[in-house]
Amino acid sequence: MAQKNENSRREFIKKASIGVGMVGLSTMGFSAKSYGRILGANDRVRVAIVGFSNRFKSSLFPSFTNHSKKLNFEFVGVSDIWNRRRDEAVAFVKEKAGNSIATYRNNDELYAQKDVDAVIISTADFQHALMAAEAVRNGKDVYVEKPMAETLEDAKVVLQAVNETGKILQVGSQRRSAPNYISANEYIRSGKFGDIKMVEMTWNVNQPGRWRLPQLIKEIREQDTDWNRFLLNRPKVAWDPRKYLEYRLFWPYSSGIFGQWMSHQIDTVHWFTGLEHPRSVSANGGIYMWNDGRTNPDTVTAVMDYGPANDPTKGFQVLYSSRFTNSAGGIKELYYSNAGMLNLDTNQVTDEGGLTAKMAAEMDMKANQLQPFTLSNATKIETAANTGSDPMTSLHMLNWMECVRSRKTPNASVKAGYNHSVANIMARTALETGKRVSFDDAKQEVVVG
């Protein structure tokens, strides 16, 4: 049985790595029973933790428990390839929720069980897509952290898996559940703001220890985890505790700034406009300060052109910049039309910089006059690494839990995750190659040059 499971896992990774969609469940060694029971209104939803991460402990767990009693959800297990994390998860859930959970050394062991309905995945960035696809193919609904995918091949695998199985998948793009962002989306789509002409986005911090875990690196031992399983479809390399624990600093395990931060902000552009990805991207950046062995840059700037593919006369530019070296400017999301500005830092809509009636009259034009107002239920973005059960994540988790019961499409669907992944991949490719990149919609491929 162990050999059969390992062969199935290798076949899954092989197909994912070459960008081929998943084959029938019988080929994967799964039976129809793997799709699990049909949940009744009073049935408890049994959830497993896939990857007992700091993000899970600080944000996802409290967000889940905010609503678990009312919606009758419960944690029943944890799958983590590091024995230390499994032990920590058992103790943590026992202390915080008062119940015991089962432990699984890997997802093969987890999905051999029939008493799990859904999973929450917060593993290394590059693992999200394949683990989400694996989960839905085993009949589980999924909440998966962003970025959804770090390569286009992996993004296609999870998109196809969710579309074919009909399982619920929520990507951790929590802005989509925040009242002020929902209000901004409704306002822009109403036409009152006018056509978007420019978007400026920043994510600036000065946190030398961000994504660094030096003490854990000293403590982890290769024999206590499963390095080969960790690598999934990435190249097989020698054991490296930094890449295991500080994966956000190293490609191909993470795209760093793009996957961690731009994925959040560029998702709002797609949401507010209905556009799925940039028409083109140029990018630059580098490691200008934190020369600690990382390969992902500590500073990036990407310039993106958005608009309808068939009409180059319409569209707008997105300027995205992020740095680890100075926090001035913080997190900004500024949308500009010819009439004014929507500021998602202050949650204000103003006529700042807009065309005045006098200016319009001089040019024999009609000015779109904005009425300043504050977006409803404004929420401030937190820049700390561990945000706790912030209102956005709590609302986003609630939306997922409700959709697991109702079977409605969640706020951050697999298609939304696919789209932010495409934008991230285009930006990272532009940075890596130094060339302008575009996207072939027919072939669903990034085009360089």
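Mentor: Let us begin with a definition: helices (H or I, at least four residues) and strands (E, at least two) are DSSP runs, numbered from the N terminus. By that rule, the chain has 15 helices and 16 strands. This is a predicted model, in which local features need pLDDT of at least 70, side-chain atom pairs count only at pLDDT 80 or more, and totals for chains, interfaces and linings use all residues. Residues are numbered from 1 along each chain as its sequence is written, and side-chain values use heavy atoms, with hydrogens and water left out.

Trainee: What percentage of the 449 residues of the chain count as buried?

Mentor: Buried means under 20% relative accessible area, exposed over 50%, and partly exposed in between (1.4 Å probe, protein chains only). Of the 449 residues, 56% count as buried.

Trainee: How is the span of a helix judged, for instance that of helix 15?

Mentor: The expected span is 1.5 Å times one less than the number of residues. Helix 15 covers residues 414–433, and its 20 residues reach 28 Å from first C-alpha to last, close to the 28 Å expected. Because 16 of those 20 residues are buried, helix 15 is largely enclosed by the rest of the structure. G434 follows helix 15 and has a positive phi, near 75 degrees.

Trainee: Which residues does N419 touch?

Mentor: Contact means heavy atoms within 4.5 Å. N419 lies in helix 15 and is buried, with a relative accessible area of 9%. Not counting residues up to four places away in sequence, N419 touches H270 and E276.

Trainee: How is the packing of helix 7 and helix 15 described?

Mentor: Two packed helices are described by the angle between their axes and the distance between the axes. Axes are lines fitted to C-alpha atoms, for helices over the stretch in contact, and angles run from 0 to 180 degrees between N-to-C directions. Helix 7 (residues 152–165) packs on helix 15 at about 170 degrees, with the axes 10 Å apart. Angles under 35 degrees count as roughly parallel, over 145 as roughly antiparallel, 65 to 115 as roughly perpendicular and the rest as oblique; helix 7 and helix 15 are therefore roughly antiparallel. The contact includes L152, A155 and L159 of helix 7 and Y418, V422 and I425 of helix 15.

Trainee: What is the strand order in the open sheet of 10 strands?

Mentor: The order is 14-13-12-11-7-10-9-8-15-16, with mixed pairing. Strand 14 (373–374) and strand 16 (445–448) stand at the edges with a single partner strand each, so one side of each is left without a neighbour in the sheet. Strand 8 (residues 280–286) pairs with strand 9 (residues 299–306) in the antiparallel sense over 7 bridges, and S280 has D305 as its bridge partner.

Terms used:
Two strands pair if DSSP finds at least two bridges between them.
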